[in-house]
Amino acid sequence: MNTTKIESGKTRMVAHRGVSGLEKENTNAAFVAAGNRSYFGIETDVHRTLDGKYVCFHDDQTGRVAIDDMCVEKTTFDTLRGLLLTDRDGEKGRTDLRIPTLQEYVRICRKYEKTGVLELKNTFDPKDVEEIIDIIRAEEYLDGIIFISFSLENMLTLRRLLPTHPCQYLTCEYSDELVKTLVDNRLDLDILHTALDEANIANLHAHGVKVNCWTCDDPDRAADLVRWGVDFITSNILE
């Protein structure tokens with residue numbers, strides 16, 4: 001499957017879990033594939049392991065992408081790192097397909113000068129959010145990261161720790177209450193693309209809210225979103 005380029009104008013394209021339409025999601029291979037293409041950003045997800053390490057992985061359990069089924073947050077880093085992930089065909093064999101560390105992801109973003117779009121999975125203890133920030137800061141790339149999360153608690157922790165840093169609240173539905181929450185807490189938005197239309201994008205912009213959307217892989221739909229002025233499109237394959 002080849003990537004499809006979109007005439008995006010001012011809209012910035014974000015590779016969902018790396019270029020997961022070409023390489024296994026949330027692997028260094030997928031991150032490097034994004035680095036070698038025209039994407040503005042590389043999105044991934046972060047979990048805390050049992051022994052306090054931070055890894056890039058989407059699900060709570062490993063079974064969908066590794067066959068061997070373990071709870072990420074109840075398993076040690078060394079055990080998780082030892083897992084071979086399946087390739088996109090569902091088969092194991094590539095020894096490079098392993099769960100990346102947060103540091104590896106940040107270093108790839110920095111090397112290829114891509115913005116990292118980092119989702120905090122589940123609700124983190126504030127001290128863990130601080131540690132994630134410290135890890136990224138130690139890599140000298142905090143300014144290159146946008147934080148996203150479905151957890152408003154995570155967003156509020158980030159806003160307290162980083163008052164002016166780009167943070168996008170993840171959600172599936174648009175509402176007037178949502179707009180108020182974003183404005184009151186100085187947050188931007190990352191929303192399911194089917195919840196957007198021209199009018200609500202214009203309303204969000206009128207309130208000073210930047211709009212990201214996920215996960216759009218249809219070129220025609222992406223063209224509409226671009227025409228309506230969405231700020232970011234997160235996609236598995238569109239470039």
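Visitor: Among contacts in the chain between residues at least 6 apart in sequence, what percentage join residues at least 24 apart?
Guide: This is a predicted model. Count the contacts between residues at least 6 apart in sequence. The share that joins residues at least 24 apart is 54%.

Visitor: What radius of gyration does the chain have?
Guide: The chain has 239 residues. For that length, a compact globule would have a radius of gyration near 18 Å. The chain agrees with this, at 17 Å.

Visitor: How many helices and strands does the chain have, and what box do the C-alpha atoms fill?
Guide: The chain has nine helices and nine strands. Along the principal axes, its C-alpha atoms fill a box of roughly 50 × 40 × 30 Å.

Visitor: How far apart do the centres of the positive and negative side chains lie?
Guide: The chain carries 29 positive side chains and 42 negative ones.

Visitor: Is Met 70 buried, partly exposed or exposed?
Guide: Met 70 sits in the loop between helix H2 (63–66) and helix H3 (77–81). Its relative accessible area is 23%. Buried would need under 20%, and exposed over 50%. Therefore Met 70 is partly exposed.

Visitor: Which residues is Met 70 in contact with, leaving aside its neighbours within four places in sequence?
Guide: Take Asp 60, ten residues from Met 70 in sequence. The C-alpha atoms of the pair are 8.4 Å apart. Asp 60 is one of the contacts of Met 70.

Definitions and conventions. Residues numbered from 1 in each chain as written. Predicted model: local features only at pLDDT ≥ 70, side-chain atom pairs only at ≥ 80, totals over all residues. Heavy atoms only, no water. Helix = DSSP H or I, 4+ residues; strand = E, 2+ residues; numbered from the N terminus. Rg over C-alpha atoms; globule rule 2.2 N^0.38 Å. Contact = heavy atoms within 4.5 Å. Lys, Arg positive; Asp, Glu negative; His and termini not counted. Charge placed at Lys NZ, Arg CZ, Asp CG, Glu CD. Buried < 20%, exposed > 50% of the residue type's maximum accessible area, 1.4 Å probe, protein only.
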